[in-house]
Amino acid sequence: MEVFVSLYFSCFRRRGILLPADTVEEMKQRIILHEPGTLTSFLEKFNEYMHVVAGDREAIKRIAYEFVEDKANEGVVYVEVRYSPHFLANSGVDPIPWNQNEGDLTPDEVVSLVNQGLSEGERKFNIKARSILCCMRHMPNWSKDVVELCKKYQHEGVVAIDLAGDESLNCQTNPEHRKAYEEAVRCGIHRTVHAGEVGPSSVVKEAVEVLKAERIGHGYRTLDDPDLYQKLLDQKMHFETCPISSKLTGACCSDFTKHPIITFMKDEANYSLNTDDPLIFNSHLNLDYNTAHKDMGFTEQEFKRLNICSAQSCFLPDNEKEELLNKLYEAYGMLQSTAF
């Protein structure tokens with residue numbers, strides 16, 4: 001994280017943007033969410049630093065590259081990273097985010113820069129990295145552009161569309177989001193939706209039935225509707241769970257021994273363990289895995305099962321997915337015929 005925060009100071013000096021701290025350590029402490037709060041308080045943390053990197057070509061490409069390096073150091077062999085290209089742009093977006101002055105970096109070029117950084121990281125660190133472009137619940141006018149970018153770059157590293165943002169403020173899906181997802185379905189673009197993190201189970205139901213989501217981001221509140229939960233279990237719907245995140249955003253009880261993920265484990269649901277935002281949460285993938293092991297009773301066998309589920313539910317083309325699965329089967333000493 002220190003390297004990541006140092007990047008902001010580099011951008012600050014190069015661009016002359018004022019930061020609310022004088023040292024890397026001070027900035028780090030401002031960015032980190034130290035105590036459990038709400039999803040809203042988590043999202044507000046982006047105001048601390050996004051104005052420094054948004055609109056900066058060099059920084060955006062470098063962040064993508066170093067993200068791949070971080071994942072390689074965590075032992076990851078395949079990763080799907082998600083972001084909003086509009087939040088990193090300063091041109092061709094209305095409104096221009098983070099109170100920036102209008103510049104010349106469009107969302108389209110942001111995607112191109114991220115793709116370049118990810119590709120360079122892949123070659124350097126020998127892992128595979130793909131991206132998911134986010135629509136934002138509170139910015140429905142961006143969604144048409146997001147799905148068009150997904151279409152343009154779907155063979156150049158972008159594998160899916162997402163809908164993210166504060167469910168507690170925007171539970172009902174805007175018609176513009178629905179139109180974007182309808183176009184994604186029409187064009188064969190994969191779909192995931194943040195739902196049931198802090199919003200009610202009805203948001204999950206809408207994500208599946210209206211937006212045709214293939215995966216659900218978080219999805220903890222699905223358990224509030226037993227019929228819906230059983231239906232999604234039967235469909236093998238994939239839940240993208242994030243233990244550390246769920247505690248610090250207040251999405252779940254801070255007592256990990258009572259976490260909804262334990263129910264997913266016991267029911268042999270289709271789910272994965274993820275970091276969500278390691279910068280703000282000051283975390284890493286191993287912390288989420290260690291938490292699941294120590295506080296939720298996860299066994300080595302369950303970690304293998306959920307990683308197989310993750311690979312089966314990833315958004316790679318079938319041939320690349322099969323290659324990824326075979327890599328896991330080999331690493332786990334499993335024959336494909338005995339896979340979960």
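The protein has 16 helices and seven strands. Its radius of gyration is 19 Å, close to the 20 Å that the globule rule gives for 340 residues, so the protein is as compact as a globular protein of that length. The coordinates belong to a predicted model. Along the principal axes, the C-alpha atoms occupy a box of roughly 55 × 40 × 40 Å.

**Domain arrangement**

According to the domain assignment, the protein divides into domain 1, made of residues 38-45 + 57-190, and domain 2, made of residues 196-313. A distance of 21 Å separates the C-alpha centres of domain 1 and domain 2. To their contact, domain 1 contributes 23 residues and domain 2 contributes 22 residues.

**The interface between the domains**

The size of an interface is often given as the accessible area lost when the parts come together. Between domain 1 and domain 2, about 1700 Å² is buried, and carbon and sulfur atoms account for 59% of this area. On the side of domain 1, the residues that lose the most area to domain 2 are Phe-42, Glu-74 and Glu-167; together they make up 32% of what that side buries.

Polar interactions also join the two domains. Nine residue pairs are in polar contact between domain 1 and domain 2, with both residues at pLDDT 80 or more. Three elements each supply at least two residues of the side of domain 1 that touches domain 2: helix H3 (39-44), strand S1 (78-83) and helix H8 (175-186). Of the elements on that side, H8 provides the largest share, with four residues. Sorted by class, the side of domain 1 that touches domain 2 comprises nine nonpolar, six polar and eight charged residues.

**Salt bridges**

Over the whole structure, a search finds 22 salt bridges, and the count between domain 1 and domain 2 is two. The table gives two salt bridges with their distances.

| Side chains in salt bridge | Distance, N to O |
|---|---|
| Glu-240 and Arg-82 | 3.1 Å |
| Arg-30 and Glu-48 | 3.1 Å |

The salt bridge between Arg-30 and Glu-48 links distant parts of the chain, the two residues being 18 residues apart. Arg-30 belongs to helix H2 (residues 24-31), whereas Glu-48 lies in the loop between H3 and helix H4 (50-53). Helix H3 is also among the elements that supply at least two residues of the side of domain 1 that touches domain 2.

Definitions and conventions:
Residues are numbered from 1 along each chain as its sequence is written. This is a predicted model: local features need pLDDT of at least 70, side-chain atom pairs count only at pLDDT 80 or more; totals for chains, interfaces and linings use all residues. Side-chain values use heavy atoms; hydrogens and water are left out. Domain bounds come from an automatic or database domain assignment. Contact means heavy atoms within 4.5 Å. Buried area is the accessible area (1.4 Å probe) that two parts lose on being put together, summed over both. A salt bridge is a side-chain nitrogen of Lys or Arg within 4 Å of a carboxyl oxygen of Asp or Glu. A polar contact is a pair of N or O atoms within 3.5 Å; within protein, one must be able to donate a hydrogen and the other to accept it, and residues adjacent in sequence count only if both atoms are side-chain atoms. Ala, Val, Leu, Ile, Met, Phe, Trp, Tyr, Cys and Pro count as nonpolar, Asp, Glu, Lys and Arg as charged, and the others, Gly among them, as polar. The radius of gyration is taken over C-alpha atoms; the globule rule is 2.2 Å times the number of residues to the power 0.38.
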